[in-house]
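Student: I would like to learn how to read a protein model, beginning with the whole chain and then turning to its aromatic rings. Could you take me through it step by step?

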Amino acid sequence: MKKYALHTMLCLLALAPAGASAQTPTAPIHNPFLADSAYPVAHGYGDLTPFAGPKASSRQLQVDEIAWKKVGPINGYAPIFSNPYPNGKRVIWVGGYDRVAKLDAESLEVLTTYGLGGNTYFGEEEIDRHIARMDAMNDEQVAVYEQNLWRIPYRSVQSAYRMISRDNELYMPYRSSEGIALRVFADSDPADPASDIVLKREWKVPPELSRANIMSVNMTYDGWVVMVTQDGVMVALARDFSQHKTLKLPRKGEEPAEANFFAAFVRNGLTVDNQNGIYVVTRDNLHRVQWTGSKLSLDEADGAWSAAYPNEVSIGSGTTPTPMGWGPKEDHLVIIADGTKGNRAMALWRDKIPSNWKGLPGYDRRVAGVTPIVFGVSPNESIQVENAAVVYGYGAFFNNFDNSFLTQFMPKAKKAAEREDTSGVVHLPGKVSAGGSRIDWDPKNRTLKTVWKNQTNFVNTVCTVSSGSNMVYCWGMRDRQWTLEGVDWKSGASAVHYTLGPSKRYDALGGPIIVDHNGDVNCACSGGLGMVRVRVKNAKE
């Protein structure tokens with residue numbers, strides 16, 4: 001695919017969602033400094049893909065339709081797809097715990113590996129043993145085993161938020177005994193996808209600036225690397241690391257360098273729009289930090305702003321802000337789920353607030369719309385949204401999350417967590433969250449409204465919406481077996497589902513779903529100590 005062809009395809013395949021204006025919404029504007037690929041950065045472009053995923057009839061998948069690639073704990077999260085090389089091939093970068101590796105994007109063959117050191121290395125035979133043991137256990141035994149298995153990798157993970165540039169360089173946060181750094185990995189031979197991985201450069205965070213982990217990394221549209229630490233320090237860094245600019249996000253007192261990102265001041269990703277507005281959620285506020293080309297600014301005169309949101313759960317919003325509306329005549333918004341018990345969707349004006357906008361009672365005037373997130377699973381449904389909204393046009397899809405997982409990170413439950421309480425373990429058969437909904441912005445009436453609700457048992461994954469097949473794809477569970485779920489974007493009906501099986505190897509554990517250039521569906525299923533690819537035969541039916 002030629003350079004920027006993916007962005008062109010996004011524009012051509014964008015369809016107007018129900019309830020939106022007659023004009024077809026403009027697709028997200030491609031960042032020219034990121035790889036032009038299926039997935040160059042976590043939560044890029046609202047997790048919207050132009051590639052058509054499977055639509056063949058629902059069924060049990062055959063063995064040759066499922067690939068499970070053993071890459072170790074955490075390493076399968078956020079598999080990043082490169083630009084094509086001169087020979088037309090692409091690679092998938094994985095890693096972050098004990099290694100960095102390149103996989104052939106077509107075959108998933110491991111091309112080369114770079115050992116990070118400092119963490120226990122998980123070989124293929126060991127991964128097989130862990131999965132076999134868990135598959136033979138009952139639910140309670142798996143809960144204890146999984147808690148022990150994942151404790152160290154979760155605390156040692158560098159970051160699930162990474163990116164690959166147009167130069168096929170992987171930017172990844174890194175932590176060691178020497179401190180916090182941003183590392184750039186690349187090919188020893190830029191023309192050869194199978195060449196060795198080299199550490200090309202490293203920028204160490206000055207300890208006087210922050211001792212907290214780098215939470216997220218992204219790129220401005222003029223080519224500066226931007227990142228934020230868990231304690232709220234934002235850095236804009238020249239790509240050659242020759243200079244940097246910093247900004248401390250406003251906070252009450254000093255935040256500890258919290259190892260557990262669920263309790264951190266910043267625990268979500270960064271998103272950037274084509275005007276170099278940088279959107280970040282802290283524990284109590286949504287900020288637009290403006291990159292001016294020479295500095296990071298929170299000054300309204302530069303286009304920046306800050307707005308508080310309701311936070312009843314003490315750990316704040318669990319969602320990365322997602323831009324919505326990209327055309328010059330469209331409403332430009334950014335959408336999150338707030339921090340209430342039973343979340344509400346909130347859309348905020350991301351540029352200049354319309355002069356005739358009166359505001360909503362009880363909210364900052366920048367808030368454009370608020371509506372409860374409801375799935376209709378039961379009258380007393382328990383809702384916890386921890387995944388960014390998946391956005392297509394003026395529509396946003398939210399899926400549920402088992403909130404028992406978060407109880408161990410609430411202040412009252414910290415002692416229980418220290419006692420190795422396993423009550424918060426999720427992703428076990430019988431412990432699944434249910435429901436998803438599409439919420440649309442109505443530009444005519446300037447309101448958010450629920451378009452449809454779906455009661456499928458979606459497990460905790462970052463879903464994706466395909467404009468090519470007009471479907472939302474998520475990971476799910478039916479009859480104690482893991483499934484790939486396809487939901488019709490227009491109606492919300494469960495259109496297709498493909499059954500993988502009951503094994504823990506298919507456990508998503510929060511990773512993103514990615515429809516790649518071939519229409520295959522990739523799950524960052526690191527709960528199964530690897531990633532999973534579903535290639536449905538006759539997918540074009």
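**Reading the chain and its rings**

Tutor: Let us begin with contacts in this predicted model. Among the contacts in the chain with a separation of 6 or more, 59% are accounted for by residues 24 or more positions apart.

Student: How many helices and strands does the chain have?

Tutor: The secondary structure comes to five helices and 35 strands.

Student: Now to the rings. How many aromatic pairs does a search of the whole structure find?

Tutor: The general idea is that two rings pair if their centres lie within 6.5 Å, and that planes over 60 degrees apart count as edge-to-face. A search of the whole structure finds ten aromatic pairs. One of them joins Trp-349 and Trp-441, whose ring centres are 5.6 Å apart and whose planes stand at 85°, an edge-to-face arrangement.

Student: Where in the chain do Trp-349 and Trp-441 lie?

Tutor: Trp-349 belongs to strand E23 (residues 344–349) and Trp-441 to strand E27 (residues 436–442), so that the pair links distant parts of the chain, 92 residues apart.

Student: Are these two residues buried or exposed?

Tutor: A residue counts as buried if its relative accessible area is under 20%. Trp-349 is buried because its relative accessibility is 2%, and Trp-441, with a relative accessible area of 0%, is buried as well.

Student: Why is the pair of Phe-397 and Phe-458 called edge-to-face?

Tutor: The planes of Phe-397 and Phe-458 are at 85°, with the ring centres 6.0 Å apart, and therefore the pair is edge-to-face. This pair also links distant parts of the chain, 61 residues apart: Phe-397 is in strand E26 (residues 395–399), whereas Phe-458 is in the loop between strand E28 (447–454) and strand E29 (464–466). Phe-397 is buried, with a relative accessible area of 0%, and Phe-458 counts as buried at 0% relative accessibility.

Student: Which residues do ring pairs link into a cluster?

Tutor: The cluster consists of Tyr-392, Phe-397, Trp-452, Phe-458 and Trp-489, linked by ring pairs.

Student: Which charged residues lie over a ring?

Tutor: One case is Arg-201, whose charged end sits over the ring of Phe-241 at 5.3 Å from its centre. Another is Arg-350, which lies over the face of Trp-326, 5.2 Å from the ring centre.

Terms used: Residues are numbered from 1 along each chain as its sequence is written. This is a predicted model: local features need pLDDT of at least 70, side-chain atom pairs count only at pLDDT 80 or more; totals for chains, interfaces and linings use all residues. Side-chain values use heavy atoms; hydrogens and water are left out. Rings of Phe, Tyr and Trp (its six-membered ring) pair if their centres lie within 6.5 Å; planes under 30 degrees apart count as stacked, over 60 as edge-to-face and the rest as tilted. Helices (H or I, at least four residues) and strands (E, at least two) are DSSP runs, numbered from the N terminus. Buried means under 20% relative accessible area, exposed over 50%, partly exposed in between (1.4 Å probe, protein chains only). A charge sits over a ring if NZ of Lys or CZ of Arg is within 6 Å of the ring centre and within 35 degrees of the ring normal. Contact means heavy atoms within 4.5 Å.
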